[in-house]
Amino acid sequence: MVRRTRPALTLLCWGYQVTTHSEVSGPVSAPGRATTTDDRLLAALLDGMEAALFAVDATGRITHWNRKAERMLGWPREQAVGRVGLGGWAVREADAADVMDRLMAALRSPDDGGGRPFQEFPLVRKDGGRLLVRAKTTAVRGPDGRPTGVYCAFGEAQAQLDLERNLALSEALLGECDSWGAVLLDADLRTVAVNDAAAEALGVTPVDMLGEPLGEFFGAGLDELESGLEQALAGQPPTAPVELWLTLLDDGSREDAFGELRSGPSGDARRCLVSGFLRLGAPAAPDPAPLGVAWVFQDVTRARRQARGAARRRFRDEQLARAGRAAAECEDPLEAAVLHLHYALAGFADHALLDTVSPRAANLVRTAESPAAFGTASAARGVAVRYRQGHPALQALERGMAVRATGGVSRSSWAVEHRWPRDAEHALCVVLRSRGRSLGVLTFLRGASRRPFDRADAAYGEDVALRVAAAIDLHGVLGAGA
């Protein structure tokens, strides 16, 4: 019986440690069979590594040189294994002593299971070019615990720095970034990671979205979002940031942080997200399959709404000025009042109804409406409007302030019951006041495709009503004088 013992082989490759059992015993008739199998296993492990690796014994002689080291430096295994030291071929003579001393320092370091720092030193390729590598060394110890050699796993320093920067960027974006939201999705467009900024902008917790499809959280705008994600997965992401208006689905219990009415029956809120899409692929694969896509966005809802509000106010002010100039050319004040209705409708409402208080009876009379045949009387002009008790127009007249109303489930019947056009869905009734008297009610109507009237709309409606009331009052004064 022959018992041969070799030191255990411990390989360290960028944090992964592999130990091959090398204590081999066997009969004399087959002294090399187990050893041959062990050597082949070791060779397969070394050649299959993604990192370049070589090993030296305690005397500095090269004992192992894997294929990755061959491809990176150009020195074949046959020319590397067996050489003593690296000087004159893999390292310049001027650097050879320093590099070997740093390698052999692993033999003198205590094996505490960690603390193996990265080292950087220049190597020489076979074509004469120099390559700065980042290396990690570890000692190989025998059965008695004494070091017998050193394994050195290395890679191009710049590539390692790029990888570390990418990892640091990912951690910062997902953990510490407050101004940009980041959502990572797999190839099936299911969420796998959400940072705090994205969770806050979308009104969820990061855990809520994990593993869920986006359709569980978004209503209107979901098609545009998924289109951008699918383009990125296909390798053709949008070339510029995309401005997406997304409707967030909720149970209606949250309040709109911007003080505007929510659109939709379920109380959902809209967000404007300037978005970019990045395809995620495995960098180690020659033809990387997509791991997923990163959706990076910034919530600009407040800024966009403020810009929209400013543009809306400028347009409305211009409309009031145009209406005032046109009305100044009208000899009949009632015609001037109708002109104000026509100018007010642009971008504001679909219909406008002018009802005035009859001087002979305590009810409202239809005086004008828009759109209508300009300059001619409509069929309902001069006819008393029989609004039912509690009608928004009557409420505005009684309270002396604007009243907003929106149709219920049966929208068509709601409009008919209020004696409005059948397609009306949202209403704003504003009282006409002049010289301390209520002269009537001005009603603006919107269809179902438009949003309800808000406070800013009510303020604009009151501005229009002031001008219309002044024209109606002047018409009455001139009529009484005649």
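The model here is a predicted one. Strand 18 (residues 424-434) and strand 19 (residues 437-447) run antiparallel, and 10 bridges join them.

Zooming out, these strands belong to an open sheet of 5 strands with antiparallel pairing, in the order 16-15-19-18-17. Strand 16 (364-370) and strand 17 (403-406) are the edges, each pairing on one side only. On average, neighbouring strands of the sheet are turned by 20 degrees against each other, direction ignored. Helix 10 (residues 333-345) packs on this sheet and touches strand 15 (351-357), strand 16 and strand 19. The direction of helix 10 makes about 55 degrees with that of strand 16.

| Core | Size | Some of its residues |
|---|---|---|
| Largest nonpolar core | 31 residues | Leu354, Leu432, Leu442, Phe444, Val464 and Val468, those with the most contacts inside it |
| Another core, lying apart from it | 30 residues | Ala52, Leu86, Val91 and Leu107 among them |

In soluble globular proteins, nonpolar side chains tend to be buried together.

Leaving aside residues up to four places away in sequence, Phe444 touches Ala344, Leu345, Phe348, Ala349, His351 and Ala352, among others. The contacts of Phe444 also include His426, Ala427, Leu428, Phe453, Gly461 and Val464.

Terms used: Residues numbered from 1 in each chain as written. Predicted model: local features only at pLDDT ≥ 70, side-chain atom pairs only at ≥ 80, totals over all residues. Heavy atoms only, no water. Pairing = 2+ DSSP bridges. Helix = DSSP H or I, 4+ residues; strand = E, 2+ residues; numbered from the N terminus. Axes fitted to C-alpha atoms, helices over the stretch in contact; angles between N-to-C directions. Contact = heavy atoms within 4.5 Å. Core = buried A, V, L, I, M, F, W, Y, C linked by side-chain atoms within 4.5 Å. Buried < 20%, exposed > 50% of the residue type's maximum accessible area, 1.4 Å probe, protein only.
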